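Here is a quick briefing to read alongside the model. Keep the viewer open and follow the topics in turn.

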Amino acid sequence: MKAFCVQTNYTVKLIPISTLKPYFCSVLIKPKHYTMSLITVGTMAFDAIETPFGKVDKIVGGSATYVAYAASNFVTPVQQVSIVGYDFPEDEMTELKKRGVQTEGVEIVPDKKSFFWSGKYHLDMNSRDTLVTDLNVLADFDPKIPESYQGAEFLMLGNLMPKLQMSVIDQLKIRPKLIVMDTMNFWMDIAMDDLKAVLKKVDVLLVNDAEARQLSEEVSIVKAAKKIMAMGPQFLIIKKGEHGALLFHENSVFFAPALPLEEVFDPTGAGDTFAGGFIGYLAKTKDISFENMKTAIIVGSAMASFCVEKFGPDRMKEISKEDIDERLSQFVQLVNFDIDLV
Ligand code: AMP
């Protein structure tokens, strides 16, 4: 009997020939080990933001930036995959590295600008218009997963071109235990087929309610959820801004509120921060059951509640473990009630 699979990340289990059916020689391959890490893929960008409370012309942003700031409170290393231009601030990279974010997978293009996005929020802050999307370096992005990232247990596909999200999945030699994907209406408008192909490969999808309706072509959120889960992901999170988030799985649904805040300065990145808190908590607890995901969406909501308190990711750089714990207690108070059934 011979073994022929020698790849180091796999164990090879040989089946005694006597137990095999004639003409079928099978070798079971299973991952030998995962590494306790989280890969995050997405944009690292500059944003220009206008809200009813103010305006910034250039602030660091990007889906992967927000995910990394949130997730690194729970799990390290966070293995970042992204692309930036010559203009992306070195001190932002240093700040991320200090938090356990690895940047080996972040390509720096010396002669091009970083991705730029500009948006203006409506009065209710739940909706916004995209004013500018300048792809810049993103136009030629071809993510390469460093060898040192292989074996990661968790993968967060932040908002990015679906083709690139797919390329990352294809490069991973061991399928992560959990793949979470974020996306947005922009990609539904211009790359719906690619997006649907990625959906078949992921476990959890995060979208907002308008995107869920656009993707499913259903008005009812419940019908939309069923249709989207039939497209691939077993779990679906529908974010509803200041009205919280819904977690769907099979025939179950769970609701997490958003913390009612007196002042919301800038909702930019709240979705990505939510995603970072969600997957960071799952990676920390190593439990990907529906029950644990309920807690994880509360954690995601708590992290997002910090993000909106200042422009850009500034608030995420200030918070401590004590701040997070205190905010989580506020969430417990918010939803805790007794009832005598009538
Ligand atoms: P969120 O508010 O959570 O939807 O995320 C906002 C962040 O997403 C901003 O910092 C932008 O730089 C980034 N972003 C905006 N549009 C795109 C896009 N089409 N693809 C990837 N990232 C984007």
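In which hand does H8 pass H9 at their crossing? The crossing is right-handed, where right-handed means that the near helix is turned clockwise from the far one by less than a right angle, and left-handed means anticlockwise. Before going on, note that this is a predicted model, in which local features need pLDDT of at least 70, side-chain atom pairs count only at pLDDT 80 or more, and totals for chains, interfaces and linings use all residues. Residue numbers start from 1 along each chain as its sequence is written.

**H8 and H9**
- Helices (H or I, at least four residues) and strands (E, at least two) are DSSP runs, numbered from the N terminus.
- The axes of H8 and H9 (residues 290-307) come within 7 Å and cross at roughly 140°; axes here are lines fitted to C-alpha atoms, for helices over the stretch in contact, with angles running from 0 to 180 degrees between N-to-C directions.
- That angle makes H8 oblique to H9, given that under 35 degrees counts as roughly parallel, over 145 as roughly antiparallel, 65 to 115 as roughly perpendicular and the rest as oblique.
- On the H8 side the contact (C-beta atoms, placed from the backbone, within 7 Å) includes Phe274, Phe278, Tyr281 and Leu282, while the H9 residues include Ile297, Val299, Met303 and Cys307.
- By class, this contact has 13 nonpolar, eight polar and no charged residues; Ala, Val, Leu, Ile, Met, Phe, Trp, Tyr, Cys and Pro count as nonpolar, Asp, Glu, Lys and Arg as charged, and the others, Gly among them, as polar.

**Around the ligand**
- H8 turns up again here: it gives the most to the shell around the ligand, with three residues.
- Strand E4 (45-51) and helix H8 (270-285) each supply at least two residues of that shell.
- In total 17 residues surround the ligand, counting those whose C-beta atom, placed from the backbone, lies within 6 Å of it.
- The closest are Thr43, Ala45, Gly61, Trp117 and Gly271.
- The shell splits into six nonpolar, nine polar and two charged residues.

**Two other helix pairs**
- H6 (residues 209-216) and H7 (residues 221-230) have axes that come within 9 Å and cross at roughly 60°, which makes H6 oblique to H7.
- H6 passes H7 in a left-handed crossing, with Asp209, Arg213 and Leu215 of H6 and Ile221, Lys227 and Ile228 of H7 among the contact residues.
- Six nonpolar, one polar and three charged residues make up the H6 contact with H7.
- For H3 (residues 162-171) and H5 (residues 192-199), the axes come within 8 Å and cross at roughly 30°, so H3 is roughly parallel to H5.
- The H3 and H5 crossing is left-handed, and Pro162, Lys163, Gln165 and Met166 in H3 meet Asp194, Leu195, Ala197 and Val198 in H5.
- The H3 contact with H5 divides into five nonpolar, one polar and two charged residues.

- Most residues other than glycine have a negative phi, and most peptide bonds are trans.
- A cis peptide bond joins Thr76 and Pro77, with omega about -5°; Pro77 sits in the loop between helix H1 (63-71) and strand E6 (78-84).
- Asn136 is not a glycine, yet has a positive phi of about 45°, and its place is in the loop between strand E9 (128-134) and strand E10 (152-157).

**Domains**
- The domain assignment gives domain 1 (1-33) and domain 2 (34-335), with bounds from an automatic or database assignment.
- Their C-alpha centres lie 38 Å apart.

Terms used: Contact = placed C-beta atoms within 7 Å.
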